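Thanks for coming, everyone. I'll keep this brief. Please have the model up on your screens.

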Amino acid sequence: MSEATALVLEEPLSLWGGVDPATGAVIDAHHPQLGANVRDRVLVMASGRGSSSSASVLAEAVRAGTAPAAIVLGEPDLILSIGAAVAEELYGVSVPVVVLPPADLAEIVDGQPIDLTAEPFASSR
Amino acid sequence: MRLVVRAAEVTGATELIDVTGAHVDSCLYHGEATLDFVQRLADGRARVRVPTTLNVGALDLLHPELYRGDRRIAERGRLLMDRYRSLGARPTFTCAPYQLADSRPALGEQVAWGESNAIAFCNSVLGARTNRYGDFIDVAAAITGRVPHAGLHRTEARRATLVLRLAEDVPAALRDTDAIFPLLGIVLGRRAGSAVAVVDGLAPGQSEDRLKALGAAAASSGAVAMFHVVGSTPEAPTLDAALQHHRPSVVELLRLGDLRAARDELTTAAGERLTAVSLGTPHASLAELERYAAMLGGRRVHPHVEMLVSTGRDTLAAAARSGISERLREAGVQLLVDTCSYIAPILRPSEGATMTDSAKWAYYAPGNVGARVVLGSTAECIRSAVAGRVIRDDALWGPA
């Protein structure tokens, strides 16, 4: 995938308990964007959150073809980075997980097209 | 090893250190990817290099008939648990490995643990050192025996930066009950996020079971991997020690209203109608099983109430030797091992409320298994189970 549209989350989302890997739908009843779908989007959030099982859910979403095209965070998240690394190892599909300074993160607008062949995504593949 | 090196890149570590043990959470089934991963490990003839315990799985292997969900998922979940055992890990299947006498790392020991409550307990109560290791990296650490030298493996990161001080309006009677600990945890998790906080204002020498309840709640509402309680946790003999002799970044008061708000927020059911009671999240210790039996005091659980207690298979074996498990069963209590009732479909589907003394259960069960929850103290749960309706002890909390 060379381009994808941004899904900017208002609050951090735990993928475990937060996303159904069978469909990519946001299922966390407490999340303001309940019902949105992460599939093939560039998921943008300030940080990761919650369960250590989110690594498994990300890998399962990649297997099922429902994963985001890329993930953009405001701070490093070991759990999501490891989930993406395992998915690439198992299925040969790369979901770049990149960290941007908060000011750059805040400039991304929901629905904005993002070029995944440009930096910082290209070197994260 | 590639995963461990990737972890070092993400955490910014420049060196790896040895660990002496691991607790692996990857054995809980989350779809075929989890089986594909362990198959890849098996194909490479991987074996764990350090003593490794396993966290809960998708079902109770000793009482599989309790599973009410999709049979195919139960079978895949069982296969995943078997695969992790085949890597050389001990089939403990508990979220409370710290209750096993031979799986308690010593003060200062470096380990790699998964499972949020176990991570918090390991760092805070045992004073052993682990980061928040998630799925895949936990078993990668067990196989390589190495982790990045980052985060809570380093002394300076274990310093409390946030002080939570109990306000004067929290009654002395409440400060010395089990009921306060899960609620303290919920508030601590919300306020601390992933920072290290220290709780000031409790009597010294709080029990491991109380600290377990606090940590499990904090690791549910926040990303808490370590906390201190002045006078009770080993790296906080004094407030100054927990702060490593620095000034705290933030000092906040924790009021009675905060605790009551946390309790009410995690209570999603209204009315008195009660259909189930769930205790033992994280897994009940032998001391807790003994307390439940003593609190029941020979009375039986009401016939309309399903009462479940989750515990580890090793604790259940000890309870069988001492006769406690038989006493609980005679009172109408169902004992569940290897999994937990907020992960697996075990409870009878129902419109009524489930009462629990666990903030972690209250936090996750509505989303995971569709439960309607009343959060109460252990004593309130047991009185309610016997009476067949929700009973509150307003003397403890003041009138609502």
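First, the ground rules. This is a predicted model, where local features need pLDDT of at least 70, side-chain atom pairs count only at pLDDT 80 or more, and totals for chains, interfaces and linings use all residues. Residues are numbered from 1 along each chain as its sequence is written, while chains are lettered from A and ligands numbered from 1 in the order in which they are written.

Start with chain B as a whole. Chain B has 16 helices and 14 strands. Those are DSSP runs, numbered from the N terminus: helices are H or I with at least four residues, strands are E with at least two. Along the principal axes, the C-alpha atoms of chain B fill a box of roughly 55 × 55 × 35 Å. The radius of gyration of chain B is 21 Å, and that agrees with the value near 21 Å for a compact globule of 400 residues. That radius is taken over C-alpha atoms, and the globule rule is 2.2 Å times the number of residues to the power 0.38.

How much of chain B is buried? Buried residues are 55% of its 400 residues. Buried means 20 or more other C-beta atoms within 10 Å of the residue's own; exposed means 12 or fewer; partly exposed is in between; C-beta atoms are placed from the backbone.

Now contacts. Two residues are in contact if their C-beta atoms, placed from the backbone, lie within 7 Å. Take the contacts in chain B between residues at least 6 apart in sequence: 78% of them join residues at least 24 apart.

On to the core. A nonpolar core here is a set of buried Ala, Val, Leu, Ile, Met, Phe, Trp, Tyr and Cys residues joined through C-beta atoms within 7 Å. The largest one has 169 residues, and those touching the most other members are A:Leu58, B:Ala141, B:Leu188, B:Val199, B:Val224 and B:Phe227. Look at B:Leu188. Leaving out residues up to four places away in sequence, B:Leu188 touches B:Leu164, B:Ala197, B:Val199, B:Ala218, B:Val224 and B:Phe227.

Next, the domains. Chain B divides into domain 1 (2–154), domain 2 (159–264) and domain 3 (267–397). The bounds come from an automatic or database domain assignment. Domain 2 and domain 3 of chain B have C-alpha centres 25 Å apart. Their contact takes 19 residues from domain 2 of chain B and 15 residues from domain 3 of chain B. On the domain 2 side, α6 (172–175), α7 (180–192), α8 (208–221) and α10 (256–265) of chain B each give two or more residues. The largest share, seven residues, comes from α8(B). By class, that side has nine nonpolar, four polar and six charged residues. Ala, Val, Leu, Ile, Met, Phe, Trp, Tyr, Cys and Pro count as nonpolar, Asp, Glu, Lys and Arg as charged, and the others, Gly among them, as polar.

Stay with α8(B). What does it pack against? It packs with α14(B) at an angle of about 35°, with the axes 7 Å apart. Axes are lines fitted to C-alpha atoms, for helices over the stretch in contact, and angles run from 0 to 180 degrees between N-to-C directions. B:Ala216, B:Ala217, B:Ser220 and B:Ser221 in α8(B) meet B:Ala359, B:Lys360, B:Tyr363 and B:Tyr364 in α14(B).

Then the chain interface. The contact takes 28 residues from chain B and 23 residues from chain A. On the chain B side, α1 (2–11), α2 (32–43) and α14 (359–369) each supply at least two residues. The most, six residues, come from α2(B). The chain B side divides into 11 nonpolar, nine polar and eight charged residues.

Last, the backbone. A cis peptide bond joins B:Thr281 and B:Pro282, with omega about -10°. B:Pro282 is in strand β10 (residues 274–284) of chain B. Another cis peptide bond joins A:Glu119 and A:Pro120, with omega about 5°.

Two non-glycine residues have positive phi: B:Phe93, near 45°, and B:His245, about 65°. Buried or exposed? B:Phe93 is buried, with 27 other C-beta atoms within 10 Å. B:His245 is exposed, with 9. B:Phe93 is in the loop between α3 (71–86) and β4 (112–113) of chain B. B:His245 is in the loop between α9 (239–242) and β9 (250–254) of chain B.
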